[in-house]
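Subject: Structure handover

Hello,

Here is the structure you asked to have passed on. My notes on its pockets and on one helix pair follow below it.

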Amino acid sequence: NALDNSEHGIPNLESQISESPALFVQAVALAYKRSDNGEDPAEWRIENLEQRQSVASAAHRLLSQIKKIPGTTENGTVVAATLATWLAEVRKLCREYARANIGDHCLGELLAKAPEGENGIWPCEAVCEVMEGIASPEFSRGFTMRVHNSRGVHVRREGGEQERELASKYRAWAERLHFDYPYVGQVLEGIATSYEREAGWQDSEAMVAKRLRY
């Protein structure tokens, strides 16, 4: 099974996935159940419950570890047309296999790993272009979730200063993208707003902690 590959197998699998939309859809199908009562192809069905659970968690891991955006050339630029073709095929297959929403969610998470553009705006232009073509609520949920999760462990300064810095970074990108890519601008604006909410929460926490100290 391609999904049983070790960490070292990931780059190889990434290349296969960026060539093959069907492989990405298979990972989504093994990680998440259908949204209807239909049947998956026989080769995707695993009768043994324990085996099914371990394959599902391997598929989850794979989906979260993919970093390469399909359509990325040797020099690291993303070709919008190649990416758009790949995405269209993934979304068509996800609809066929009753996984349209979770498919969009996973695609949102993947595209949140896009590189910055040469103009210093994130995400790069090719990714902005294809995101406008998708513009689904589930996609933006996946994208936003990945942005928040990719922050990783960070040293906590008192109050919400770090979150305010992040909010202003995302808002600056949102403002530069609003005109050409309204959907992307809106998604980034939402991320900025959520960091502002978090900043307010951290400020309150800091004030409470301060009162408790004195």
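The second largest pocket holds about 170 Å³ of space. Please keep in mind that this is a predicted model. Its lining consists of Gly76, Thr77, Val78, Pro115, Glu116, Gly117, Glu118, Asn119, Cys124, Glu125 and Ala126. By class, four of these residues are nonpolar, four are polar and three are charged.

The largest pocket has about 520 Å³ of space. It is lined by 21 residues, and Ala29, Lys33, Asp40, Arg52 and Arg99 are the ones nearest its centre. Two or more lining residues come from each of helix H2 (21–31) and helix H3 (49–65). H3 contributes the most, with five residues. The lining of the largest pocket is made up of nine nonpolar, nine charged and three polar residues.

Now the helix pair. Helix H7 (residues 137–149) and helix H9 (residues 182–213) have axes that come within 10 Å and cross at roughly 45 degrees.

On the H7 side, the contact is formed by Phe139, Ser140, Phe143, Thr144, Val147 and His148. These meet Tyr183, Val187, Leu188, Ile191, Ser194, Tyr195 and Glu198 in H9. Taken by class, the residues of this contact are eight nonpolar, four polar and one charged.

Regards

Conventions: Residues numbered from 1 in each chain as written. Predicted model: local features only at pLDDT ≥ 70, side-chain atom pairs only at ≥ 80, totals over all residues. Heavy atoms only, no water. 1 Å grid on protein atoms, 1.4 Å probe; cavity = no way out; pocket = protein on both sides within 12 Å on 5 of 7 lines; lining within 4 Å. Points joined across faces, edges and corners; volume = space filled by probe spheres on them. Helix = DSSP H or I, 4+ residues; strand = E, 2+ residues; numbered from the N terminus. Nonpolar A, V, L, I, M, F, W, Y, C, P; charged D, E, K, R; others polar. Axes fitted to C-alpha atoms, helices over the stretch in contact; angles between N-to-C directions. Contact = heavy atoms within 4.5 Å.
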